[in-house]
Amino acid sequence: DAVTPLTWLMAKTERMAWGTAIMQMPARSPAMTAMTAATLDLMSGGRFLLGLGASGPQVAEGWHGDRYGKPLGKTREYVDVVRTILRREAPLEHHGEHYDIPYTGPGASGLGKPLKIIVHPRRADLPIYLAAIGPKNVELAAEIGDGWLPIFFSPERLRETYGDALDAGFARAGSGKSLASFDIAPTVTVIVGDDLDGLRGLVKPTVALYVGGMGARGKNFYNDLACRFGYE
């Protein structure tokens, strides 16, 4: 769980900002995520960064019991609901393809009504980072996110691998959005020591797990990324 250790770390520090990388969307309703984000941001004095990710079908359906569906549309709705709650301008009401709030579908009691978060969030514009691997997901992150959480990131290959996706997302966002105003926060493994080959050997199993075994057969986003980097 990303939130538990982060809460402990924020309680032990005073100035450092801390972010979740990542809070899996199928594990929490967007309202629960907004409540958690607002609470941590208030308790830490405005040091919380919200990192979100859609995960993959194997985890979403096999672990959380949530329909994976269409990740692009689902992410867009999820972020919209979270931002609406944090703005606290009006009671929450959202009726989309993926989220129906208040719920009005089959089995609904009819007693649900639009609600507001009780606390007053410290920041309505609390930074939201999106984990994204595929070009379309990166484009969405550039459009609606404040930052991007890439994995196996290669700065030297940023332009050739993701340049078009980032440019398209910034263009849709408008308001002069660009790399200068967009935070790229990659996952980086750091192991300190003098034995380069030995230390590299500690990293390889994790890379192998993601590239070779993460996700379902025939649908592994990390494997697809490695292929785009030229390791097919």
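Reader: Which residue just after α4 takes a positive phi?

Author: That is R88, with a phi of about 55 degrees. A word on the basis: this is a predicted model, where local features need pLDDT of at least 70 and side-chain atom pairs count only at pLDDT 80 or more, while totals for chains, interfaces and linings use all residues. Residues are numbered from 1 along each chain as its sequence is written, and side-chain values use heavy atoms, leaving out hydrogens and water.

Reader: Where in α7 does a kink lie?

Author: At V203, shortly before the proline P205, there is a kink of about 30 degrees. The bend at a residue is the angle between axes fitted to the seven residues ending there and the seven starting there. Just after α7, G215 takes a positive phi of about 90 degrees.

Reader: Why does T36 count as buried?

Author: Buried means under 20% relative accessible area, with exposed over 50% and partly exposed in between (1.4 Å probe, protein chains only). T36 has 13% relative accessibility, so T36 counts as buried. This residue sits in helix α2.

Reader: What does T36 touch?

Author: Leaving aside residues up to four places away in sequence, T36 touches V3 and M23. Contact means heavy atoms within 4.5 Å.

Notes. Helices (H or I, at least four residues) and strands (E, at least two) are DSSP runs, numbered from the N terminus.
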